[in-house]
Amino acid sequence: MPRPTLARAVDTVMDRSVVLGYTTIGLAVRRAMPGWPADPLPQALEGRHVLVTGASSGLGAATVAGVSGLGAVVHLLVRDEAKGTLVADRIRATHPGAELRLWRCDVADLDDVRRFATGFAAEVPHLHAVVHNAGVMPPERTESPQGLELSMAVHLVGPVVMTEALRGPLSSGAAGGRVVLVSSGGMYAQPLHADDPGCTTGDYSPTTSYARSKRWQVELAPLLADRWGADGTTVATMHPGWADTPGVRESLPTFRRITRPVLRDDAQGADTSVWLAAVEPAPPTGRFWHDRVERPTHLLPTTRGSDRDRARAWDWLREAAGLDAAAP
């Protein structure tokens with residue numbers, strides 16, 4: 001078997017096994033195999049502006065460090081400015097000359113998202129990429145100020161509202177902008193559930209609600225790609241594998257205790273987000289990625305939804321986010 005074909009076969013087996021593909025094992029093996037996608041060029045983002053949400057810890061902080069190391073002017077969007085300042089100071093200490101700016105916003109609150117985006121667009125007319133990394137896993141069902149289930153508000157509706165408001169800056173560059181939505185491999189276990197975006201039926205489960213909102217991200221990414229593609233903006237969803245993030249430590253302590261020896265660190269989990277934001281040319285739009293390779297959006301036949309489900313989900317998102325009725 002030719003080496004590239006063997007490498008693809010090994011990669012696929014690791015991906016489907018989950019345990020091998022999502023851990024440090026999968027990343028180490030893939031990096032060593034022929035066909036590993038090349039790193040972005042040094043200073044690939046020099047002078048370009050990149051916005052990272054949820055930048056006060058974990059994958060968000062690692063994404064900031066990654067794109068800053070490639071020369072980007074990085075905008076850290078956080079809820080807790082004190083935590084964000086600590087991250088910015090730490091990155092400046094390891095990346096002398098890093099250009100970082102801190103912004104405050106609660107991505108769950110659509111009014112606050114619109115306030116932030118209006119001010120940001122007035123000051124930053126050219127935006128190369130936005131990485132929607134902010135995440136939440138509330139222990140009990142919680143609603144946003146607008147009455148949306150919190151996971152859906154933070155992972156889907158808030159990012160869509162923010163991107164809509166930043167279409168001008170994103171479309172201003174010659175090459176168009178990039179939107180990266182940080183999803184989760186946990187979405188593989190969930191169907192779309194277009195009939196229950198608010199997780200109002202059955203017993204509430206934090207992990208199930210989280211995974212469902214991530215499934216919505218991945219299912220609707222092609223439709224968002226069609227909408228924003230008119231501006232030249234590309235859309236990518238990705239999952240980081242199993243990373244030892246603050247969210248895992250706080251919300252999944254048993255899982256972390258069992259898997260800790262093989263969990264990825266923050267930089268390893270953020271690698272594909274940084275790559276998607278910086279590599280040239282821009283990767284194909286509307287796709288789902290892990291470890292720099294496009295991945296299938298379904299592993300189980302039971303999670304496959306119909307066109308009708310996706311249309312229903314899209315209609316709900318358009319209403320929740322206030323998108324115009326003329327959208328694709």
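Modeller: Buried means a relative accessible area under 20%, exposed means over 50%, and partly exposed lies in between, for a 1.4 Å probe and protein chains only. The model is predicted: local features need pLDDT of at least 70, side-chain atom pairs count only at pLDDT 80 or more, and totals for chains, interfaces and linings use all residues. Residues are numbered from 1 along each chain as its sequence is written, and side-chain values use heavy atoms, with hydrogens and water left out. Helices (H or I, at least four residues) and strands (E, at least two) are DSSP runs, numbered from the N terminus.

Biologist: Does Tyr-22 count as buried or exposed?

Modeller: The relative accessibility of Tyr-22 is 3%. The limit to apply is under 20%. Tyr-22 therefore counts as buried.

Biologist: What is the relative accessible area of Phe-116?

Modeller: Phe-116 and Trp-103 form another edge-to-face aromatic pair, with 5.6 Å centre to centre and 80 degrees between the planes. This pair links distant parts of the chain, 13 residues apart: Trp-103 is in strand 3 (residues 99-104) and Phe-116 in helix 6. Trp-103 is buried, with a relative accessible area of 10%. Phe-116 is buried too, its relative accessible area being 2%.

Biologist: How many salt bridges does a search of the whole structure find?

Modeller: A salt bridge is a side-chain nitrogen of Lys or Arg within 4 Å of a carboxyl oxygen of Asp or Glu. Under this rule, the number of salt bridges found in the whole structure is 26.

Biologist: How many residues apart in sequence are the parts that Asp-271 and Arg-31 tie together?

Modeller: The closest N and O atoms in the salt bridge of Asp-271 with Arg-31 are 3.2 Å apart. Asp-271 lies in helix 12 and Arg-31 in helix 3 (residues 24-32), so this pair ties together parts with a sequence distance of 240 residues.

Biologist: How far apart are the end C-alpha atoms of helix 13?

Modeller: The expected span of a helix is 1.5 Å times one less than its number of residues. Helix 13 (residues 307-321) has 15 residues, so it should span 21 Å. The distance between its end C-alpha atoms agrees with this, being 21 Å.

Biologist: Which helices do the buried residues of helix 13 pack against?

Modeller: The buried residues of helix 13 are Ala-313, Trp-314, Leu-317, Arg-318, Ala-320 and Ala-321. They cover an arc of only 165 degrees around the axis (the arc of the directions from the helix axis to the C-beta atoms), which puts them on the same side of helix 13. On the other side, Arg-308 and Glu-319 are exposed. With contact taken as heavy atoms within 4.5 Å, the buried residues pack against helix 6 (110-123), helix 7 (150-165) and helix 9 (206-229).

Biologist: What is the omega of the peptide bond from Glu-280 to Pro-281?

Modeller: Most peptide bonds are trans. Pro-281 has its place in the loop between helix 12 (266-278) and strand 7 (287-290). The bond from Glu-280 to Pro-281 is cis, with omega near -5 degrees.

Note on methods:
Phe/Tyr/Trp six-rings, centres within 6.5 Å; stacked < 30°, edge-to-face > 60°.
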